[in-house]
Amino acid sequence: MRFKACHGNFAPATLPAGRSVLEPPIVNAANDGAEVRIGVVVAGTQKGGTSALKVCMIEHPEIGMPQEVKEAHFFDTEENFAESPVDYATYHRMYERKPGVRVYGDATPVYMFWEPAPLRIWQYNSAMKLIVLLRNPGTRAYSHWNMEIKQGRETLSFEEAIRGEQDRCRGALPLQHRRWSYVARGMYSAQLRRIWRHFPREQVMVLKSEDFQADPAPALAQVAQWLGVGAFPNVAPRKIFALPYEGPMGRGARQFLHETFEIEIRRIERMLGWDCADWLSELRAS
Amino acid sequence: MFEGRKDLSAYAGITRDRLRTAADNASIRVNCVIAGTQKGGTTALASYLYEHPQLCIPGTKEMHFFDAEENFAGASVDFDYYHSAFAPGPSARILCDATPIYMYWDPVPQRIWKYNPGMKWIFVLRDPATRAFSHWNMQRIKDRDPLPFFEALSSEPARCRTVLPLQHPWWSYIDRGFYAQQLRRVMRFFPVSQMLVLKSEDVHRAPQQALDRVARFLGIEPFAAVEARDVYAIPYATTMEARARRLLQQTFEFDVRDLERLLGWDCGGWLEA
């Protein structure tokens with residue numbers, strides 16, 4: 001029967017005998033005797049300080065990161081998932097097996113935005129730990145636009161680009177638009193909910209980018225304990241990927257971003273128990 | 001052949017036109033979906049649409065075509081099978097599939113876009129807190145949920161993970177209520193001119209005005225005069241506990257405000273006791 005009537009296949013009775021319905025299913029898709037198995041991903045947000053965190057992880061003797069590539073981009077590459085079963089060996093080949101390493105990591109900031117990525121990560125390793133850095137979505141958008149301008153991939157002004165984003169991004173359908181998704185990437189709540197749908201909250205650490213940049217030491221201590229590795233060797237603040245801006249954000253763009261993100265920021269405060277008054281006032285100021 | 005619990009033929013006589021065979025349907029294309037929300041009054045809306053001579057809705061209402069994973073597992077999709085459910089008469093201009101899980105089911109907007117990028121989407125949205133309670137009452141009556149309402153809400157994320165990689169069609173009481181993010185996902189694929197969003201209470205209290213909007217949106221003749229009807233009302237076993245109400249208010253407060261901003265709506269009265 002191909003017209004699914006009333007979803008009759010979801011009866012709790014179909015669960016394996018002896019297991020509580022509250023336990024997550026056991027998934028070991030990647031338990032194939034591979035050399036390495038990735039246990040932590042830094043999933044975003046782009047322009048949120050993921051490079052700084054990644055450098056700290058590279059310097060840590062007990063964390064293994066990809067050797068040659070800057071970002072693994074495994075779970076957001078559609079070709080990797082075009083055929084079944086997925087060939088995880090191409091993923092694992094990016095890593096060198098090293099003595100002393102207790103956890104292998106992948107810092108690819110598009111993962112939290114890329115719609116199929118959380119499910120693919122779950123299918124690979126349902127015990128994956130995910131780290132998410134969230135930055136003021138308005139300044140994130142502006143930083144993103146500045147990067148695209150510098151790389152010659154954007155011709156519109158910032159305000160034109162954010163106001164016309166929805167129509168422009170349909171050009172990449174059926175995929176999401178990687179370059180021009182300035183506002184869409186800042187809708188963190190839906191992205192977090194998608195991650196939480198697949199992973200219990202204990203497996204997801206959400207950090208505020210601004211706090212991490214000002215003083216990474218407390219967050220790094222937390223990350224080390226959570227991952228079960230020793231202390232990070234260097235916890236001094238540093239700015240890894242700072243580009244000079246074209247100029248300050250225009251008043252019209254700021255107003256648009258405040259309107260667009262005000263409710264989203266309040267929702268993030270509610271969902272995470274955070275105080276994001278700084279984000280709101282930064283977008284309100286003119 | 002097409003199983004479903006809601007036989008809408010009670011609302012209109014079966015005509016010869018509606019019984020035309022699948023062989024006549026080689027070149028048809030579905031061009032309208034009523035995509036949700038579940039418990040939002042989609043059955044009532046579909047019952048009105050069923051009576052319009054320019055509309056063709058299969059008598060079983062819910063096709064569940066785009067949310068059935070097995071339909072999309074192979075290299076090509078058998079749309080002939082989908083089309084065989086439709087028997088449009090000579091006056092039919094709109095072929096409509098009313099399946100309320102479509103707005104919730106993650107892969108559906110993309111699948112529909114690949115099928116027909118000109119698809120028109122109709123949504124009927126209801127206070128997400130009362131929607132959740134109505135949903136739980138339905139599952140309760142169907143004997144599909146042993147938990148009390150508050151416990152079902154509190155354990156929803158963990159319970160729903162038990163059916164991964166899919167979403168949970170039964171126990172997604174809260175998750176189905178995040179309308180704004182579901183609408184945004186549709187808006188990623190379709191321009192807003194192809195979307196009509198109605199409020200459940202408006203369809204319920206003033207169906208004629210709602211149907212006028214539907215007719216304009218679909219470019220069909222106005223509907224004949226109708227009266228309000230309660231199509232799929234079920235008795236509730238209990239009233240909502242105060243702590244469940246508070247949990248839902250906390251959960252949905254900013255989503256309702258987000259929806260108001262997105263649609264230019266006033267949702268006063270939603271989430272209130």
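A nonpolar core here is a set of buried Ala, Val, Leu, Ile, Met, Phe, Trp, Tyr and Cys residues joined through C-beta atoms within 7 Å. Buried means that 20 or more other C-beta atoms lie within 10 Å of a residue's own; exposed means 12 or fewer, partly exposed is in between, and the C-beta atoms are placed from the backbone. This is a predicted model, so local features need pLDDT of at least 70 and side-chain atom pairs count only at pLDDT 80 or more, while totals for chains, interfaces and linings use all residues. Residues are numbered from 1 along each chain as its sequence is written, with chains lettered from A and ligands numbered from 1 in the order in which they are written.

Let's start with the cores. The largest nonpolar core has 70 residues, and B:V33, B:C56 and B:C96 have the most contacts inside it. Leaving out residues up to four places away in sequence, B:C56 touches B:F86, B:A87, B:P88, B:G89, B:A92, B:I94, B:L95 and B:C96 (a contact puts two C-beta atoms, placed from the backbone, within 7 Å). A second, separate core has 64 residues, among them A:Y95, A:I131, A:I195 and A:A219.

A:I195 takes us to helix α7 of chain A, residues 188-198, where A:Y188, A:S189, A:Q191, A:L192, A:R194 and A:H198 are also buried. (Helices, H or I with at least four residues, and strands, E with at least two, are DSSP runs numbered from the N terminus.) The cover over the buried residues of α7(A) includes α3 (117-124), β4 (129-134), α4 (137-150), β5 (204-208) and α10 (251-272) of chain A.

Two of those covering helices also meet each other: A:P137, A:G138 and A:A141 in α4(A) touch A:L257, A:F261 and A:E264 in α10(A).

Now for the backbone. Most residues other than glycine have a negative phi, and most peptide bonds are trans. In chain A, a cis peptide bond joins A:G44 and A:T45, with omega about -5 degrees; A:T45 sits in the loop between β1 (38-44) and α1 (50-59). In chain B, the bond from B:G36 to B:T37 is cis, with omega near 0 degrees, and B:T37 lies in the loop between β1 (32-36) and α1 (42-49).

That chain B loop between β1 and α1 also holds B:K39, a non-glycine with a positive phi of about 65 degrees. B:K39 is buried, because 25 other C-beta atoms lie within 10 Å. A:H73, also not a glycine, has a positive phi of about 50 degrees, but A:H73 counts as partly exposed because it has 18 C-beta neighbours inside 10 Å.
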